[in-house]
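Please read the numbered points with the model in view.

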Amino acid sequence: MTVLEQLTQGDGVSRGVAALLLAMSIGSWVVILWKTWFLRGGTRDLLRSVAAFWQAHTLTEALHHVKSFDRGMLVLPSVLALQGLASSPATKGSLGATGGRDAHLTRVLRVALHGTMRRVSAGQILLATVGATAPFVGLLGTVWGIYHALTGIAQSGAFTIDKVAGPVGEALIMTAAGLAVAIPAVLAYNWFGRVIGRIEAELEGFAHDLLAVFGERPEAGLPTAGTMLI
C-alpha cells in the first residue's frame, strides 16, 4: 500500500494530520525561500552601506550612496530618519520637543531600527513553531495509525507478523513525515538567527555612531540635507 493509498483509506484524524503537516511544510518552505532571498548578502550589503554613508560629504550624498548598496533597506530607514529630523525638527512646545535634540535623535533612530528588525525577523516565529511541533504532530498520526492497525488485527482474530508489520510500518510514516517537516525549519531558523543577530549588532552600532556624531554637539545642531557631515 502506498502512502497516498494509506491517506485515502485513513479516517478523518489521519487525513487531518497529513493535511496539517503538508500546510506546515509549505509554510516553512515559503518562509525559507523568501528569507534566503531577502537576507542574501545582508551583512555584506550592510557593511558596504555603512561605509558608503561615512564616506559621503552631505546627507543627500550619503542617502544616494546608501540607496545604491542597501538592497534589503537595512540602513536606509536610519538615514531617512536622520534626514527627516534634520529637515523637520520637532515643533516647540510639543511633547516631541521635550528632552532636547539627543532624545529626539534617539527616538527616531530607535523607531527606524525596530521597524527594520521587524522586517528582518519576520517568519522566525513560524519556523520555530514548525520545528518544535511538527515531530509531535507526526507522532500523533503514528499513534493513531497504530491504534487502528491493532484494532483491525484484534477484530480479524489473526495475529501474525505480516499483519502487524504492514500497518504499523505504514503508521510510522507519519513520524518520518513530521521529522521531514521539522528538520529544515530548525536548520533554517538557526541559520537565519545567526544572520539576523549580526545584522542587529551592526545596525545598533551604526545607530550609536549616528547619535554620537549628530547628537552630542549642542552648539552645532543637526546638519541639514546639504551640509557637511563632518
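1. A residue is called buried when its relative accessible area is under 20%, exposed when that area is over 50%, and partly exposed in between. Methionine 73 has a relative accessibility of 42% and therefore counts as partly exposed. Please bear in mind throughout that the model is a predicted one.

2. The setting of methionine 73 deserves a remark. This residue is placed in the loop between helix H4 (59-69) and helix H5 (76-87).

3. How many salt bridges does the structure hold? The structure holds one. Its partners are aspartate 45 and arginine 71, whose closest N and O atoms are 2.8 Å apart. Because aspartate 45 belongs to helix H3 and arginine 71 to the loop between H4 and H5, the pair ties together parts that are 26 residues apart in sequence. In general, side chains of opposite charge can pair when their charged atoms come close.

4. Arginine 71, with a relative accessible area of 47%, is partly exposed.

5. About 70 Å³ of space lies in the largest cavity. Its lining includes Asp45 and Arg71, and also Phe38, Gly42 and Leu74.

6. Helix H3 (residues 42-55) may be checked for its length. At 1.5 Å a residue, the 14 residues of H3 should span 20 Å, and the end C-alpha atoms are 20 Å apart, which agrees. The buried residues in H3 include Gly42, Asp45, Leu46, Val50 and Phe53.

7. A pair of aromatic rings is described by the distance of the centres and the angle of the planes. Rings count as paired when their centres lie within 6.5 Å, and planes over 60 degrees apart count as edge-to-face. By this rule the count comes to five aromatic pairs. One of them joins phenylalanine 53 and tryptophan 54 edge-to-face, at 4.9 Å centre to centre and with 85° between the planes. Phenylalanine 53 has 0% relative accessibility and so counts as buried, whereas tryptophan 54, at 31%, is partly exposed.

8. Phenylalanine 53 also pairs with phenylalanine 206, again edge-to-face, at 5.3 Å centre to centre and with 90° between the planes. Since phenylalanine 53 lies in helix H3 and phenylalanine 206 in helix H8 (residues 161-214), this pair ties together parts that are 153 residues apart in sequence. Phenylalanine 206 is buried, with a relative accessible area of 3%.

9. Among the buried residues of H2 are Val17, Leu21, Ile32, Lys35 and Phe38. Lysine 35 lies over the face of phenylalanine 192, at 5.7 Å from the ring centre.

Terms used. Residues numbered from 1 in each chain as written. Predicted model: local features only at pLDDT ≥ 70, side-chain atom pairs only at ≥ 80, totals over all residues. Heavy atoms only, no water. Phe/Tyr/Trp six-rings, centres within 6.5 Å; stacked < 30°, edge-to-face > 60°. Buried < 20%, exposed > 50% of the residue type's maximum accessible area, 1.4 Å probe, protein only. Helix = DSSP H or I, 4+ residues; strand = E, 2+ residues; numbered from the N terminus. Lys NZ or Arg CZ within 6 Å of the ring centre and 35° of its normal. Expected span 1.5 Å × (residues − 1). Salt bridge = Lys/Arg side-chain N within 4 Å of Asp/Glu carboxyl O. 1 Å grid on protein atoms, 1.4 Å probe; cavity = no way out; pocket = protein on both sides within 12 Å on 5 of 7 lines; lining within 4 Å. Points joined across faces, edges and corners; volume = space filled by probe spheres on them.
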